[in-house]
Amino acid sequence: MGSVYESIMTGLNEAVEDAVSKEKKLVRRKLDIVPVKEYQADEVREIRKSTGMSQKTFANFLGVSDKTVEAWEAGMNHPSGAASRLLSMIEMDNDLVKEFPFVRVIEK
């Protein structure tokens, strides 16, 4: 536990030193985060179909209920937050469903 404490204290001391110094030593980064896309019913359906999953399986993959996916595809609701971000990721790279197999194919 001593090394964790020492590591934290080293980081804090560096931050304090940087804050009071005229010459900033620590690297600063500005991040530009792409806004979460708003998906329409047909877009959700196309993304799901591109994965080859049923509504139920796709819902399990995304961590939502099958009724939620059903409502998205019917246009009654729209995905938001983390679900929209996951849809964007799958839309950009369909292989993500294979690389991160939250749903495994079981051969019969």
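These legends describe close-up views of one predicted model.

Local features are given only at pLDDT of at least 70 and side-chain atom pairs only at pLDDT 80 or more, while totals for chains, interfaces and linings use all residues. Residues are numbered from 1 along each chain as its sequence is written, and side-chain values use heavy atoms, with hydrogens and water left out.

**View 1. Confidence along the chain.** The chain averages a pLDDT of 90. pLDDT is the predictor's confidence in each residue, from 0 to 100. A score of at least 70 is reached by 96% of the residues. Helix α4 has the highest confidence, at a mean of 98. Confidence is lowest in helix α6 (residues 96-99), at a mean of 83. Helices are DSSP runs of H or I with at least four residues, numbered from the N terminus. Where pLDDT is low, the predicted coordinates should not be read in detail.

**View 2. Packing of α3 on α5.** Helix α3 (residues 55-62) packs against helix α5 (residues 81-92) at an angle of about 110°. Their axes lie 11 Å apart. Axes are lines fitted to C-alpha atoms, for helices over the stretch in contact, and angles run from 0 to 180 degrees between N-to-C directions. This makes α3 roughly perpendicular to α5. Angles of 65 to 115 degrees count as roughly perpendicular; those under 35 are roughly parallel, those over 145 roughly antiparallel, and the rest oblique. α3 passes α5 in a right-handed crossing. A crossing is right-handed if the near helix is turned clockwise from the far one by less than a right angle, and left-handed if anticlockwise. From α3, the contact takes F58, F61 and L62; from α5, L86, L87 and I90. Contact means heavy atoms within 4.5 Å. By class, the contact of α3 with α5 has 6 nonpolar residues, no polar and no charged ones. Ala, Val, Leu, Ile, Met, Phe, Trp, Tyr, Cys and Pro count as nonpolar, Asp, Glu, Lys and Arg as charged, and the others, Gly among them, as polar.

View 3. L86 sits in helix α5. Its relative accessible area is 33%, so L86 is partly exposed. Buried means under 20% relative accessible area, exposed over 50%, and partly exposed in between (1.4 Å probe, protein chains only). L86 and F61 are 25 residues apart in sequence, and their C-alpha atoms are 10.0 Å apart. A82 also belongs to helix α5. A82 is exposed, at 59% relative accessible area.

**View 4. Packing of α2 on α5.** α2 and α5 pack at about 55°, with axes 10 Å apart. The two helices are therefore oblique to each other. Their crossing is left-handed. V44, I47 and T51 of α2 meet L87, I90 and E91 of α5. This contact of α2 with α5 divides by class into 4 nonpolar, 1 polar and 1 charged residues.

**View 5. Packing of α2 on α4.** The axes of α2 and α4 are 6 Å apart, at an angle of about 125°. That angle makes α2 oblique to α4. On the α2 side, A41, V44, R45 and R48 take part; they meet V69, W72, E73 and A74 in α4. The contact of α2 with α4 holds 5 nonpolar, no polar and 3 charged residues.

**View 6. The buried residues of α4 and the residue after the helix.** In helix α4 (residues 66-74), V69, A71, W72 and E73 are buried. These buried residues pack against α2 (41-51), α3 and α5. G75 follows α4 and has a positive phi, near 80°.

**View 7. Two exposed loop residues.** M76 lies in the loop between α4 and α5. With 63% relative accessibility, M76 counts as exposed. M76 and T10 are 66 residues apart in sequence and 53 Å apart in space, C-alpha to C-alpha. R29 occupies the loop between α1 (2-20) and α2. R29 is exposed, with a relative accessible area of 71%. R29 and P79 are 50 residues apart along the chain, and 30 Å separates their C-alpha atoms.
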